[in-house]
Amino acid sequence: MPHTVPLDAPDPHALLGQVALAAERFVTTVAVLEDDELRAPSALDGWTRGHVVAHVARSADAYVGLLRTARDGVAPGPRLSAAELARAVEADAGRGRDGLVGQVRVSLDRFVGEARALPVEAWQRMVCALAGWRHPAWFTLHRCRRELETHHVDLRLAYGTHNWPAEYVSWALEETVATLRAQDFPLASVHATDLGRTWRVGPGGPSVAAPGHALLGWLAGRLPTPAPEGDTARTGLSRAPGDLPLPHPPVWPRPPYPGWGRCE
């Protein structure tokens, strides 16, 4: 049966526990890297692993600002523009291991601490993403978790999409497919073989079946396009022989759907 994105607020503290675990895994991975390993290329074009770590730290800082806005009703101060943020990440990426690892650890700890202290009523208040779309404060927890899980894979180390927790994969597939459906993405359905779940996307087009983490990895632009059945060694993803060519997924992540509108 098809599934839809649950837009009701989750239990923030239960979700925060999963965010904290993802943060711990990420910091544990980067804490043992030497300077030359941080300067090595990541899976993202033009970015080293240091860029990825710096981006995660700066994103956590931005999420802290959103939580404080939800708490106080006003932004805590001027936020960096997209261009300023890019320059800050570029500068941070060149820091040595101790400085960079310390930065991301402090930023993530600060985010978790702010979230734990947020009053219950503040979780429903609306905040604005830098890209200009609105969401309740509780969706910031989903954003931070997605940031950590995705960029952990982008470090191109031992952590891969197969390490993503099943609960995270299930939520992220629901959220991603709902957005694709709203955009008339030319895909009929996706079936997560390990989760036993199928999501209808559109009225026509090809279908694809694979483990949930592999589907999400493809839709998130982290894995290649699935191969036809019988040629799965190339990607680990399969689809029925004779299906139409699979469409190229749009830039990910996208604003949540149905979403909560644009910022004024």
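Where is the place of arginine 156?

**View 1. The loop that holds arginine 156, and the two helices on either side of that loop.** The place of arginine 156 is in the loop between α6 and α7, and its phi is near 55°, a positive value in a residue other than glycine. This is a predicted model, in which local features need pLDDT of at least 70 and side-chain atom pairs count only at pLDDT 80 or more, while totals for chains, interfaces and linings use all residues. Residues are numbered from 1 along each chain as its sequence is written, and side-chain values use heavy atoms, with hydrogens and water left out. Helices (H or I, at least four residues) and strands (E, at least two) are DSSP runs, numbered from the N terminus.

**View 2. The packing of α7 with α6 and with α8.** Two packed helices are described by the angle between their axes and the distance between the axes. Here the axes are lines fitted to C-alpha atoms, for helices over the stretch in contact, and angles run from 0 to 180 degrees between N-to-C directions. α6 and α7 pack at an angle of about 110°, with their axes 11 Å apart, which makes α6 roughly perpendicular to α7. Helix α7 (residues 166–182) and helix α8 (residues 212–219) pack at about 45°, with axes 10 Å apart, and are therefore oblique to each other. Angles under 35 degrees count as roughly parallel, over 145 as roughly antiparallel, 65 to 115 as roughly perpendicular and the rest as oblique. α6 passes α7 in a left-handed crossing, and α7 passes α8 in a left-handed crossing too; a crossing is left-handed if the near helix is turned anticlockwise from the far one by less than a right angle, and right-handed if clockwise.

**View 3. The contact of α3 with α5.** The axes of α3 and helix α5 (residues 97–117) come within 9 Å and cross at roughly 25°, which makes α3 roughly parallel to α5. The residues of this contact divide into 13 nonpolar, 3 polar and 6 charged, where Ala, Val, Leu, Ile, Met, Phe, Trp, Tyr, Cys and Pro count as nonpolar, Asp, Glu, Lys and Arg as charged, and the others, Gly among them, as polar.

**View 4. The largest pocket and its lining.** The largest pocket has a volume of about 1200 Å³ and is lined by 39 residues, of which Ser59, Ala62, Leu85, Leu130 and Arg143 lie nearest its centre. On a 1 Å grid over the protein atoms alone, a pocket is an open set of points where a 1.4 Å probe fits, with protein on both sides within 12 Å along at least five of seven lines, and lining residues have an atom within 4 Å of a point. Grid points are joined across faces, edges and corners, and a volume is the space filled by probe spheres set on the points. The largest share of the lining, 12 residues, comes from α3, and by class the lining has 21 nonpolar, 8 polar and 10 charged residues.

**View 5. Strand β3 with its partners β4 and β5.** Strands pair if DSSP finds at least two bridges between them. Strand β3 (residues 189–192) is joined by 4 bridges to strand β4 (residues 197–200), and the two run antiparallel, whereas 4 bridges join β3 to strand β5 (residues 207–210), which run parallel.
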